[in-house]
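The structure is shown first.

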Amino acid sequence: MSIMTFLLAALDNGKRHRILWLGLGISILLVILSTSKSALLIALILLALVPMFRALRSNHNIILPLFILIILSVGSIAIFLVSNAETIVRFLGRDLTLTGRTGIWAIVISKIALYPWLGYGYKGFWHDMEGDSADIWYETFFMAPHSHNGFLDITVELGLVGFFFFLSTYIKNCLRAITWLRLNSESIGLYPIIYLTFLFLYNITENSLTDPNYFIWVMYSMITTTVLTQPITVISYNQS
């Protein structure tokens, strides 16, 4: 997210553009040095989406949403394949030292089926070697603190009801974020939709929806508040 923050700030700030571009370069370097394939993929996908999100401000390009959907779909599949390379390679009769997640996901899905509607309760499932989470440790031989998928974790803890409520608010935020970027001509107007896209991609292989990652959740709350209130101010200003 620091890559996107520095990039959008640099596009709008002429006075400190050198410092901001330097921050962007350092952020990209840190992602590369982290050797995280998922992080690099997410960064590349977001960078590819920036010009397309900017083009959404035009009323003449109807095919853009389709291109955005294609990039998100292909990117999500790529993140899934990279994150589960060990499982896929083993299925093909090869070996690779990576951390596969599909084994964890399969067991978590079976646990969701036991309490599908309301789940185990918030923070009611992952208790190390106690309770049903111990089955995952025994079967995968991996001490996972969560399922490495935010959407599965929110479902196993809050059930399908909780997942539906989150999904409905997330979709509403995305629609409001698109409206917000069309009403805000500055590059910073792209930040809400970019952050929401990052949140979706990140939670394919990690968990920031129920895990106490306060920075990501505080940012989500701030974005929600921004896209809820800001369009009204901008519209009234334009009409006046």
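## Helix α1 and its cover

The model is a predicted one. In helix α1, which spans residues 2–12, the buried residues are Ile3, Met4, Leu7, Leu8 and Ala10. Their directions around the axis span an arc of only 160 degrees, so they sit on the same side of α1.

The elements that cover these buried residues of α1 include α2 (17–33), α3 (37–55) and α9.

## Packing of α8 against α9

Two packed helices are described by the angle between their axes and the distance between the axes. For helix α8 (residues 150–183) and helix α9 (residues 191–202), the axes come within 9 Å and the crossing angle is roughly 155 degrees. Angles over 145 degrees count as roughly antiparallel, and α8 is therefore roughly antiparallel to α9. The handedness of the α8 and α9 crossing is left-handed.

On the α8 side the contact is formed by Phe151, Tyr170, Asn173, Cys174, Ala177, Ile178, Trp180 and Leu181. On the α9 side, Pro192, Ile193, Leu196, Thr197, Leu199 and Phe200 take part. Sorted by class, the α8 contact with α9 comprises 12 nonpolar and two polar residues, with no charged residues.

## Packing of α3 against α9

Helix α9 also packs with α3: their axes come within 11 Å and cross at roughly 150 degrees. This makes α3 roughly antiparallel to α9. The crossing of α3 past α9 is right-handed.

From α3, the residues Ile42, Ile45, Leu46, Leu49, Val50 and Phe53 take part in the contact. They meet Ile193, Ile194, Thr197, Phe198, Leu201 and Tyr202 of α9. The contact of α3 with α9 divides into 11 nonpolar residues, one polar and no charged.

Most residues other than glycine have a negative phi. Which loop holds lysine 123? Lysine 123 is placed in the loop between α6 (102–112) and α7 (133–140), and its phi is positive, near 60 degrees. With a relative accessible area of 35%, lysine 123 is partly exposed.

Histidine 148 is not a glycine either, and has a positive phi of about 55 degrees. Its position is in the loop between α7 and α8. Is histidine 148 buried or exposed? Histidine 148 counts as buried because its relative accessibility is 10%, and the cut-off for buried is under 20%.

Methods
Residues numbered from 1 in each chain as written. Predicted model: local features only at pLDDT ≥ 70, side-chain atom pairs only at ≥ 80, totals over all residues. Heavy atoms only, no water. Axes fitted to C-alpha atoms, helices over the stretch in contact; angles between N-to-C directions. Helix = DSSP H or I, 4+ residues; strand = E, 2+ residues; numbered from the N terminus. Parallel < 35°, antiparallel > 145°, perpendicular 65-115°, else oblique. Left-handed = near helix turned anticlockwise from the far one by under 90°. Contact = heavy atoms within 4.5 Å. Nonpolar A, V, L, I, M, F, W, Y, C, P; charged D, E, K, R; others polar. Buried < 20%, exposed > 50% of the residue type's maximum accessible area, 1.4 Å probe, protein only. Arc of directions from axis to C-beta.
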